[in-house]
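Work through the following exercises with the model open beside you, and try each task before reading its solution.

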Amino acid sequence: MSATILVTTSTETARKVRLAGGDELTVLQPQQLPATAPQLVAMAPQPDAVRAVLLDVRQGGVDEGQAVEVAGRITSVYPTISVLLLTDDAERLALPALRGGVRDLADPELSVEELRLLLRRAVESSASGLTESEGFTGRVVTVASPKGGVGKTTLATNIAAALAEQAPQGTVLVDLDVQFGDVASALDLQPTYTLGDIVVGPGLSDAMTLKSLLTRHGSGLQVVCGVHSPAEADVVTPAAVDTLLRLLKQEFRYVVLDTAPGMSEQTLAAIDHTTDLVLITSLDVPGVRGLKKELEVLDELDLSPSTRHVVVNFADGDAGLTVRDVTTAIGRKVDLALPRSPKVPRSTNQGRPMVSALPKDKVSRAITGFVGRFAHLSSGSRWNGRHRGAVR
Ligand SMILES: Nc1ncnc2c1ncn2[C@@H]1O[C@H](COP(=O)(O)OP(=O)(O)OP(=O)(O)O)[C@@H](O)[C@H]1O
Ligand SMILES: [Mg+2]
């Protein structure tokens, strides 16, 4: 059994944390925080069982500076206890907090299910004495295509947004279209640090520093935005991609990658880490031929991520081809067909993914259904309840 200490003034937060399964929860007011770590741990009925301390640092809660100090004191005395900060401004606080010994930052608005996952991960890693970066391997979903303009960025941003609904703190999207990536624009983000900054600076030295350089989307999704200009792209070597993905998949449940058209060296480096390769084509003869060739090349190079998925975009039949023709041409089933819709470019231009802006639209429903394949949460979760049946 594990025990949790929560310091908050919010009864709603206390309720959620209790539901999230702190088997044994001690709730304290900020003014009750004692001066030393042993005194704090001793406030739990079973001090030996304490595995997580949650400090709510929102307005009126624990002072931010004090919270980071407390985290440092706890982790230096009790390496098996994880300290988490509850904050609605993780981006600003992340770097000093993580450096100070805080294990993770979470938004108190998270669902109970998400809080449960966070607590479980904190407890498991502290119980084993491992940091997450030594033990955790997330799912890596790579969206690729031989041709340009077929909907890779649209699909990657929507997959990431849909996964972030389930795991807001556990999903990261990486723009690996190193020269002309436009993920930042598709999500209306103005990054402080880009992929180029991350690979040339200290960003790849450890997971904690890397996490502090990510750009946070309003949904909770973390993003590695593309470089500022194509000239910077040279720094993104396959070795850098390898290190980046090694770190990210240890820290995030879901890592989603958008890529450049074709088999760039960065995409090939990413495929080594990919658990789900999503190959997308438009419904036209050149696109489908390119896809067939790409599938053959992957076989020849023996680059076979555990699962491949084929997506046909702009599947409206106007081109005189059908999805069935694609199936025949490539010799395998099509996993998802997305219709052409004027709402898609509108959502791209507004910087809001379809699944967030128009969740009931048929394109959004098709994508969220498809994404259910990557999200493997327990039955009865929000995911299964809302999106059942949309998987083709
Ligand atoms: N199903 C769809 N219906 C209508 N428009 C779409 C659809 N899917 C994508 N688009 C639009 O097509 C354009 C190209 O899409 P996107 O940028 O996602 O392609 P891409 O494969 O990432 O391109 P590139 O290879 O240049 O990176 C965008 O304006 C997007 O809004
Ligand atoms: Mg793109």
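This is a predicted model: local features need pLDDT of at least 70, side-chain atom pairs count only at pLDDT 80 or more; totals for chains, interfaces and linings use all residues.

Residues are numbered from 1 along each chain as its sequence is written, and side-chain values use heavy atoms, with hydrogens and water left out.

**Exercise 1.** Determine how the axes of helix H3 and helix H4 are oriented, and which residues meet.

Solution. Begin with the axes (lines fitted to C-alpha atoms over the stretch in contact, with angles from 0 to 180 degrees between N-to-C directions): those of H3 (residues 64–77) and H4 (residues 90–100) come within 8 Å and cross at roughly 30 degrees. H3 is therefore roughly parallel to H4, a label for angles under 35 degrees. Next, list the contacts (heavy atoms within 4.5 Å): Glu64, Val68, Ala71 and Gly72 of H3 meet Arg92, Leu93, Pro96, Ala97 and Gly100 of H4.

**Exercise 2.** Identify which members of the largest nonpolar core touch the most other members, and which element gives the largest share.

Solution. A nonpolar core joins buried (under 20% relative accessible area, 1.4 Å probe, protein chains only) Ala, Val, Leu, Ile, Met, Phe, Trp, Tyr and Cys residues through side-chain atoms within 4.5 Å. Among the 36 residues of the largest one, Leu155, Ile159, Leu173, Val278, Val311, Leu338 and Phe374 touch the most other members. Helix H7 gives the largest share, 8 residues. Apart from this core lies another of 30 residues, among them Ala49, Ile74, Ile81 and Ala94.

Technical notes. Chains are lettered from A and ligands numbered from 1 in the order in which they are written. Buried means under 20% relative accessible area, exposed over 50%, partly exposed in between (1.4 Å probe, protein chains only). Helices (H or I, at least four residues) and strands (E, at least two) are DSSP runs, numbered from the N terminus. Angles under 35 degrees count as roughly parallel, over 145 as roughly antiparallel, 65 to 115 as roughly perpendicular and the rest as oblique.
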